[in-house]
Structures are given as C-alpha cells and as structure tokens.
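This briefing is intended to be read alongside the sequence and coordinates.

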Amino acid sequence: MDFLNTHLLSLILFVPTISALVMLFLPSGETKLLRWFAFCASLIPFVLTLVLWSNFDPNKTGFQFQEIYPWYEALHSSLHLGVDGISVSMVLLTTLLTPLAILASFSVTDRVKPYMMLFLFLETGMLGVFMSLDLLVFFVFWEIGLVPMYFLINQWGSANKDYASLKFMIYTMGGSLGLLLGIQMLGVLFGTYDLVTLYERWNSLNAGSILLGMPVHTVKTIAFWAFTIAFAIKVPIWPFHTWLPDAHTEAPTAGSMLLAGVLLKLGAYGFLRLVLPFYPLEAKIFAGALAFLAVAAIVFGAFAAYGQTDFKRLVAYSSINHMGFVVLGIAAAAAAVGTADARIAMNGAVLQMFNHGLSAAGMFFLVGVIYERTHTRNLEEFGGLFPLVPVYGGILIFMSMASLGLPGLNGFVSEFMVVRGAFPVLKIYTAISMIGLLFTGAYILKGIAKVLHGPMNELWAHGEHKLTEINTREILVVVPLMILILVIGIWPMWILEVINKAVVALF
Amino acid sequence: MATETLIWLIPLPPVLAFFLIVLFTNKNKALSHSVAIGAAFLSWLGSMIVFVRAIGVEHLGKQPFASSINWLPTGDTWLKIGVLIDPLSAAVLFFVAWTVLMIFIYSVGYHNYGQPAGDHDQAGLPPHGATAHGHTVPSIEPMYSRFFAFIGLFAFGMYTLVVSDNLLTLFVGWEIMGLCSYLLIGFWYGKPSARNAAVKAFMTTRIGDVFMLLGISFLYYATGTLTYREIFTEETLHVLSSVPSGVFGLSAAGLIAVLLFIGTIGKSAQFPLHVWLPDAMEGPTPVSAMIHAATMVSAGVYAVIRMFPLLSAGWHEGAALTPAMTFVAFIGAFTAIFAATIAVAQNDIKRVLAYSTISQLGFMIAAIGMGAYVAAVFHLITHAFFKALLFLGSGSVIHGMEHGVLHTGNHKVDPQDMFNMGGLRKKMPVTFWTFLIGGFALSGFPLVTAGFWSKDEILADAFTNGHLTIFITLAIAAFMTAFYTMRQITLTFLGEARTKEAEHAQENKWTMTAPLVVLSVFAIGYGWVGIPEHFPLLGGLVPNWFHEFVGGTLAELPPVLAFNWIPLLTSLVVALGGLSLGWFVYKDIKSPAEDKFQIPLLKNKYYFDEAYEYLFIKPLTWFSEVFVSKWMDKGVIDSILHIFGPAAAGIGSTIRNYFDVPVVNQFFGDGSADVTYWIGKNLRPIQTGRIQQYLILSIVVLSVVGGLVYFFLLAA
C-alpha cells in the first residue's frame, strides 16, 4: 500500500505506456484479445484515479501526491508530478474517457494492435500534461499527445484524412513554438523549470527591472502572447479554430471522443496552470481581448454549427461554442482576479471543461454509432429514425440536452457559473454571448429534428440498409457518461468542492 | 411528517415515475399509466396536506414554511437552494395539483386506453383506428407509455417551480417544462408540422430564457443571493431601486425585473413572442395543449408575480408607475386585445382557445404591471381552472368528432374545424354543459362564474387607480372574449349538425368526462373565495378570504379597493353584450363564407409568422450557412492559413536555389546534397497534395520567424 500511495501518480501516468509496450508482444491476429487487453489496461489507471480521488484532500493547499525524479539534470529539469483540485478533476476525466473510447473502438477491425497502442500512448501524453509540475516535462507531454492523435486521424480516418491530420499537427505544433520559446525564457531566467519554484520566484520580479535588455513588462507581454496563442490554438479559440472541424470530421469515432473530451482541455488547462499564475497583470490587461475572442467563438461557433449539414461537423462546431464559455470564464477571472466574481467564473470554467468532456465525448460517440451503421453523416440523408431506434433516439436526445445546457443536467451548472462570474466584469461580452447560447438551442434541435424527427426515410427501414438498434456494448459506453451528466446536474457539490478549494487557493 | 420535508417531497413522485416508465415499464401500458397516475396522486395528496396546513397558519406571509440547503460552492460562500410555501405558492400549488391530476386521468381516455392496437399505426404519428367486428374503432396511441413519462416529467418541472424558494430552481423547473413542451408538441414527430412547431416553441421561449438568465446573473451579482426572501428585504430593494442601471433610465431593480419579465414574455406567449403558442396545438390535443396553455404558460405569469416586489421597488400604491411597470402593463394590455382580435377569426377549436389564452395571460400581466397584485393572482388561478376545463372540453369534442370521422370513413373532414360541428349538445351532453360553464367563466358571465370575479377585479383596479387607457383596452378585449367564446359555443354545440361526422359524434368515457366535471366545480366555485368586501348585496356575505390570504405574501397588505359602479357596469355590459352578440351573429351561419369576421389580416395572425421568417429566420440561416461557414471559416480564415503554405514554399525554394545549390552544394561538395536528396526523395511520397505540402512548409516559416523574433527581440 505504501508503494501505491507514494507512486500513485506515476503509476497512473505510465501504466498505459507499459501496457502498450506489452501489447507489442501479443499476436496481431487475436483482435479479441488485443481489445480486451487494451480495455482492461486502461481500466487500471481509472481505478487508481478513484483511489487518488478518494485520498485527495481538497482542504490542503498546494499540490498533493508529489513525486520528483531527476531527469535532465543539466537543464535543471526533473520529472516532477503533482495534482491539485483542478488537475485531479482533469485526470479523472482522462482516465474515465480513455476506457470508454477503447470500448467504443471494439468495432474497429483494421490493424487493431497499433490502434489500441496509440490510444494508450495518447492517454499517457494527456495525463502527463495534467500532472507535470515541470515546464519542460509539461512541454514534452504536450507534444507527445499530438503524435498518436496524428496517426489515429491519418491512418484510421475517413476520406479527407491527410489534409485534416496534417492541418491538426502543423497548426498545433506551430502554436507550440511560442510556448517552447516562452518556457525557454523562463528556464534561462530562473535556472529551473520547476513550476512550484517558479510560482514563488516569478512574481518577485520587479516591474522596473530590465530583462533581456527590455523592460520586464514588454518581456512579459511577449511571453504572455506566446503562451496564449499556443493554448488558444489548442482550445481552440476563434479565429484559430478551423483545424478542429476538419480533424473531428475525419477522425475515427473514439479519436473524436478523446480529441473533444480531453485534448481540447489541455489548452484551457494551460491557461489555468501557466498563463494566469505567471502573467496575472498581462492577463488582466488583455482580458478584454481574450473575452472578445471567447465570445466570437461562442457566437460564431454556434452559428457555424447551425450552418452544417454534416452531423459530425455540427458537433465539432458545438465544441468551439462550448469551449468559448471556458475561455470567457478564464477571461472574467483574469479581469477580476481576487474577487468573488473571479472565483465563480473560474469554478464555472473548470467545471465546464469537465462537463464538456462528458457531453462532447457522448455526442461524438453517438454520431459514430449512427455513422457506423449508415456510412453517412449527412443530416439530409437521415430523418424520422426515432421509431427504428427508440433507445438510441432517447439517448441522443438526452445527450443533446446535456450539450444544450438544460437545467438539471451538468452543462447548465457550469454555464450558469461562467455567466454569473463574467456578467459583472464583462457585461457587454456576456450579453453578446447569450446570442450563442440561444443558437446552441437552434443547432441542437436541428440535429434532433433532422436525424430522429420528421417523415421516416424509408431507406433505413428495410432491407440491407435496415438500421439496427444501439447494442449493449455501445450502451455501456454511453451510460457512465449519462449518469455523471445527471449527477453533476443535480448535485455538483462533490466535484465543485474539489475545484473550488483549488480555485480559492490559486486566485 | 414535518411540513418542510413534505414540501421537498412533493415534486419527486412524478420524476420517479418518469424514470420508472422510461427504464422499466414502457412495454406495459397499464403499468405505465398506473405508475404515472399514482405518482400524480401522491403529489396531489402532498400538495393538499401542505395547502391545508398553510391556510391554517396565521400570518403565513411573515412565517412561511421554508427550508434550504447548500448547493453550489462559490468561493467562500454558498449558493443555497430550498423550498418555500408562502400564501402565493400555496394558492398556486392548489390549482397546479388539481389540474395536473385531472390531466393524468383524462389522458387515459384520450389516448384510447383499452382499445385495440391500430392496423397501420406507427410510433410518431397519430393513431388511425383499428378494425374490430367489421367496424373501424379508435386505436390506442402507439407511444402510450411515453406520453405518461413525458407528462410525469412535466409535472415534476411545474411542482419544482412552484415550491422553489429561489430563482435558480425556478429556472430549472421552467426549463424542464420547456423541454417537456418541446417533446409533447413534437410528440407525433413524424408529422413535419409537429416537428417544426416543437422547434419553434423551444426556440421562441429560449429567446426569453437567455434574457432571463442574464437577469438572474445580474440579480445574483447585485444581491449575492437568489433566494426570494433574502432579495425582498426592504434594504436590498431600496438599494436596487436607487442604483441606476445605465440602460433606458431604469434602476437596477427595474432592469433586472425587465430582463426576468422578458423570460415571461417567451414562456407566457406575450407579444411579440406569442407566435409559438398557437402552433403548439400540434401536440396530441388537447392534453399537451392544455399543459402548455393552461399550466405551463401560467408559470411565466407566476414568475413575474413572484418578482413583483422587485418590479415595483420604489413604487407605492397610488403613485405613478415605474418605467419597468409601465412596460409590463403595456405589453400585457396590448397582448390582451391583440390576441383577442385574432381569436375572432380562427376556425380551429383549439386555436381559438390558444389565442384566448394569450389574451387572458395579457390581462394578468397588465394587472401585475399596474400593481394589482391580488387581482393578477386571482385571475391566474380562476383562469387555470376554466381554461383547463375548456381545453379538456375541446379535446373531448375532437375525440367525439374523430369517432364520427371513423364511422363515416371520410378522413378529409377536419375534426377540429368548428364549421364541421354543430348540434353537439345532444350528442355530448356532459361535454356541452361543462364547456358552457368554462366558456361562460372565460367570458366573465356575471356573479356565478369565477372568471367574472377575477376579471372584474382587474378592471376595477385599473379604473380606480386611474389607468384609464388600460381599463378601456381591457374592457374591449373582454368584450371580444365574450364574443368569440359565444361564437365557439354556438358553432360547436348549438344549432343542427352541419356534417355527417358531427351527427355520429359520441360522448366519451368517464375518464375523460369526470375531470371536466371536477374542473367545472372550480370554474364556478373558486370565484366565491374572492368576492370584494364592498360589493353590493353579495359583498361581506362570504369574507374576501383570497385578498387577505394572498395579499399577505407582500410586506404590506394591499389596500381594499373602494367600490365603484363604472367598472362593474362595464363588466356586465361587455360580458353579456359579447355573449349575446356572439350568439346572434353565429346562430344561423352554416359555412365560413358567411362569416363576416374571416378577415385575411386576422386569419393570418397579422402575418407575424411570415414577417419573422423574412426578418430573422432566413437572414440568420444565411448568416450561419453562408457567411460564417463558407465565407468566414472556409474562405477568409482557411485562405489565410493556406497562404503559409506557398509562402513557406517560396522561402524554401529561395534557400534551395540561392543558398543550398550554389553555396552548400558547390562549396561543401555533393556528399551532403546526396543525403538531402535522399531524404527529400523519401519524404516526397507522403506529400500527396499541394495543401499538405504548404502546411508542412508552414512550420518552417514559423520556426524561422520565431527564431528571428527570439534573436532580434528577446535576446538583443
């Protein structure tokens, strides 16, 4: 038990990688074995995360379960892991969604071994970002996460996969150049990449002093934007968002689940972990600009979603719309740092990250379920499918309502908190964001109306194209998401308490 | 059980029924409706116990039943949620419990429980009838269980809204009802008209909801709480009413109240967001229609009544109305007369009722806008009873007519068109007499009906407090109400049958008629609890319990109005005049062609649907599909991204042609060039298209630019 307690984070982090390496030695032809092995392997981190969650003490400030291993000694960088209330909820989201994504991929028959291995590698990459307390290690994991996703889209994607995967890869990498430079600058200045140390020493820099031949303020401003653009592309914030619909549309279903469910959160997490603590002043100055972009994402994201005829693209744009609320919350927190409004906004933003992870993963999965059966995503080719697939229809409506932010389900709680927190600080922006909220309804209902309602498209009713009902395995994928969505909607306290304590300590 | 615990429990049975039906019992129709009705009964029982205990408490307004818990951590503080039964919510709870229970029972008959399954019936479409013993008989609704699940969820939303002690859970109930109304309007989702009506209802009310959400956020920020009793303290209200909001010269209290009121405009279908309600009649008539029309839309009025202290902050009895109140009163009065004019020209039995609902809600809104708090609540409750009665009655008529249609087999006859009816009083006596009671209550038939007392009180309030414009507007609207109601009764029940189908119409089963009888008792009797003290002869015989009780919700009991003959005479004239005129005009009319009120402008509802289509829906669809998706994202933004490609290619080839080839190759020899060539050759196959190539190269540009920035700006 002692070993478990002292190495919990590294276990969660590396069990997927080790399992992936073990998979190398399994026979490629045994698809059933490979699937179940990958699934069980991904359950281990989940179970460990439950242990982590139950042993996590929200009342303690600072990072818990810290582990430090020497790594790049010469650079003064070490493998420093640790979690606080914000990251522990993201870890939970990641380890929850990965097994579900793997379970959702049981229908993949093409090169199962590399496919499953990539998912396990991806999990390590994502978890590493949330757990790292060392900037260099953070960056390494940040980039590692890209590679498996690139190959998943590039190898298992649909028609336009080359364009989409390359756009995704290049765009994100292009964005992270600035991040790398910013990290280098911090490392050179302080001789360490350790976040905990940096937090303490960074704000002691005098505003008047000269850094690298420039006033501190200028340096910080440049570095702020370097970080911001990197994270903005990842979130993505308007106008850096166009890679997302392409990547989602072409990615395999489970890839989309993790892309929307977790990868997008990395960007928002970057804002919380690096931008706001390191550049509070700059963030405050540029909060208006950030809010502008966030609102643009909310509004244009909603409009663009409404304008789609491809079901998956519609859902992809809905992610832009929803993640806009996360950024709006961050902007509000930046503008009003230290006040109650900021804390409410920040709580809302973090919870929205978690909630969107659940509902977006669910939506992408459901789109995948119907795509697998009909081989089309074109909304015009569906219609009136509800009587054919009543269970699927009910689940789709439930998930859509979660995405729409129906009170009683999780999305409402977080969106309400963001709006409440942002309203006093950014009145006009919040008011404009309501247009986006209104159109969220429009595109969600469009999806339901085109797929389930209306006159039945007879093509799917009989013969070889007969639509089959969602099966047990698929229900098992989506039920945990639905339960969490409902539980958070009714009783958000269990997770908000953890987030709130961390937020209060940080901001 | 402690009353507070009981209040917490009231909303729960229907939602449990919802989950039970959806998850377990949906295959078994009898079990499903038993679960649903059992749940509705439990909630009804709880509500009645709470109501009885509530009226037994002296000064309930000062010491209401209340209990709350922490719900949301917000930094160092908590957002609390809880339940509250004060006089207002007790009175509302009473009618909600009764109407909801009646809907549940009525639905059993309406959806043809006990009939065989249809020959060609399909989920998502109305049942078409089944063949039994050589006859066509009504067939059971294929989605019978689902209907009971939906109305269970609906009941949960309504109860939650009523027992809430704060705006947040009120909003939760509000939106859950919105969802249910969407699901129920679109219940027969296979019909495109039903599908579109469902979307329209959801979207139109959502316009109001987002404003309401802003209002809630503003209020929460300004007061730090959403609990009514903490907001409605003298201190808080005073601060809110004296802080200017900077918008339209409203105070903070005024702006918040207006924002919240816009939510009501959507939910209660007030002008200009009224367009969804008539289309909502696409739902399985009339049960869901009644849900939206008699119960859910009342929620909007309830919310604005609830917020009255905020709306009227800074105002006192007899003073000029605040800008926020004027706005509310104007919207209400305008809607009252506007919808009444449309109702006159409608031929669909349900649509007449739909517009009459909009109009009557306008009465309540106007009342609350001019500060007639008790009158607004009174009319809210009496209206809920008699409008529920009318909707269920119209459903009974349609159901009876459908029977006739099945009998003749002529499916071209619209069983909802009143010109196809006539003479139904003989075929459907229970429906006729109860409908007559409901119709007379709606018209404000003097003395015996509940509608008379509540409408008279609104008119008296308007007159006595000098709001003459409102008084005249509402009086004209009341006249038209009586007129179109009598038109409806005449066309439907009186005279002789105008079609074969009407001749073969049949009275319905007790599950449908019993609720009508129960509701008609309230449509008459509920008026007697609020007879004004100074009313000639009758006043004082029965104490004006309603005024004392509901008025006690406010910090100060509203003063009792002095009696005046003018509004009373006006009430009498408009009610009796409208009814007589309606009978006189329509008693001999046989077809729509003879009807002089079929004016195109009215018939087409002043072309609001068309106007909205061209002003909002089409431009916004264009904006989404073309401007944002095509021009902005795929056009401008992606084009800029794609510039990086050629630009990088340009730099790459420049370096190659002007540096690599002349300098590196010739200077350092071809060895390294061979390596480069080999790498290039092997990389080429992955570059399948131009854009990919550009993007690969774009990273080169970014690194070069990044490097330059680093060396010249940062490291300088």
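In chain B, K191(B) is located in the loop that links α6 (167–185) to α7 (192–223); helices (H or I, at least four residues) and strands (E, at least two) are DSSP runs, numbered from the N terminus. The model is predicted, so local features need pLDDT of at least 70 and side-chain atom pairs count only at pLDDT 80 or more, while totals for chains, interfaces and linings use all residues. Residues are numbered from 1 along each chain as its sequence is written, and chains are lettered from A and ligands numbered from 1 in the order in which they are written.

**Position of K191(B)**

- K191(B) is partly exposed because 18 other C-beta atoms lie within 10 Å; with C-beta atoms placed from the backbone, a residue is buried at 20 or more other C-beta atoms within 10 Å of its own, exposed at 12 or fewer, and partly exposed in between.
- Between K191(B) and S571(B) there are 43 Å in space, C-alpha to C-alpha, and the two are 380 residues apart in sequence.

**Chain B overall**

- Chain B contains 28 helices and four strands.
- Along the principal axes, its C-alpha atoms fill a box of roughly 120 × 75 × 55 Å.
- Of the 716 residues in chain B, 56% are buried.
- Among contacts in chain B (C-beta atoms, placed from the backbone, within 7 Å) between residues at least 6 apart in sequence, 77% join residues at least 24 apart.

**The hairpin of chain B**

- Strands β1 (residues 65–74) and β2 (residues 77–85) of chain B run antiparallel and are joined by nine bridges; two strands pair if DSSP finds at least two bridges between them.
- P73(B) has W78(B) of β2(B) as its bridge partner.
- Two residues separate β1(B) and β2(B) in this hairpin, and G75(B) in the turn has a positive phi of about 70 degrees.

**The interface between chains A and B**

- The contact involves 56 residues of chain A and 56 residues of chain B.
- On the chain A side, the elements giving two or more residues include α8 (161–190), α14 (287–306) and α16 (340–374).
- The largest contribution to that side comes from α8(A), with 11 residues.

**A covered helix in chain A**

- Helix α11 (residues 243–250) of chain A is mostly covered, with eight of its eight residues buried.
- Among these buried residues are W243(A), D246(A), H248(A) and E250(A).
- The covering elements include α7 (146–156), α8, α12 (253–278) and α15 (311–335) of chain A.

Key:
Contact = placed C-beta atoms within 7 Å.
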